[in-house]
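Visitor: Could you walk me through the aromatic residues in this one? I'd like to see the picture first.

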Amino acid sequence: MGPKAAHGLGRVTVILAFAAAAVLGAATTAVAENPLRATTAEEVTVQTSTGPMGTYLTDGQGRALYLFVADTSAKSTCTGECAVAWPPLVTTGAPKAGAGVTADKLSTVARDDGSMQVLYNDHPLYYFIKDTAPGQTNGQGVNGFGALWWLVAPTGDAIT
């Protein structure tokens, strides 16, 4: 490879590095600026709301909660970029059952990062980053990160 080719590769590397930094910065900013991103709280409430899809689980502020079809056990398979787009519902205390929720179906499981994710009927629960206000259900039926995402019925089943 001649000096001109090597110099051209250096430019491409620098351009790619700047592009990667811009993408990561935008993703980080979107997560940081999203007021509905997952937060750790001592007491998390899971309740129900009703909308066009029927009655579904939400957090105490009315933010929709989803299950990931790829989670075939209580252990979450959504990590890394997946957990940025689909933040887990985490807590440092016992989850509280709100209106319409069966308390016996609530539990927690340790994630790989040590945080405690809330489960309902042994399904790990998640938010969707594109739900920017309570009552939104933009994640319903999304096929992302290798499987479908569904709202969760009070029975603990997916709303398909």
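Predicted model: local features only at pLDDT ≥ 70, side-chain atom pairs only at ≥ 80, totals over all residues.

Visitor: Which residues form one aromatic cluster?
Guide: Residues are numbered from 1 along each chain as its sequence is written, and side-chain values use heavy atoms, with hydrogens and water left out. Rings of Phe, Tyr and Trp (its six-membered ring) pair if their centres lie within 6.5 Å; planes under 30 degrees apart are stacked, over 60 edge-to-face, and the rest tilted. The one cluster is made of Tyr 66, Phe 68, Trp 86, Tyr 126, Phe 128 and Trp 149.

Visitor: How many aromatic pairs are there, and what type do Trp 86 and Phe 128 form?
Guide: By that rule the count is 6 aromatic pairs. For Trp 86 and Phe 128, the centres sit 4.1 Å apart with 25 degrees between the planes, so this pair is stacked.

Visitor: Why does the pair of Trp 86 and Phe 128 tie together parts that are apart in sequence?
Guide: Helices (H or I, at least four residues) and strands (E, at least two) are DSSP runs, numbered from the N terminus. Trp 86 is in the loop between α2 (81–85) and β4 (90–91), and Phe 128 is in the loop between β8 (123–124) and β9 (143–144), so the parts they tie together are apart in sequence by 42 residues.

Visitor: Are Trp 86 and Phe 128 buried or exposed?
Guide: Buried means under 20% relative accessible area, exposed over 50%, and partly exposed in between (1.4 Å probe, protein chains only). Both Trp 86 and Phe 128 come out as buried.

Visitor: What about the rings of Tyr 126 and Trp 149: which kind of pair is that?
Guide: Tyr 126 has a relative accessible area of 0%, and Trp 149 is buried with 0% too. Their ring centres are 5.1 Å apart and the planes lie at 85 degrees, so the pair is edge-to-face.

Visitor: What average pLDDT does the chain have?
Guide: Over residues 9–38 the pLDDT is below 50. Still, 74% of the residues score at least 70, and the chain average is 84.

Definitions and conventions
pLDDT = per-residue confidence, 0-100. Contact = heavy atoms within 4.5 Å.
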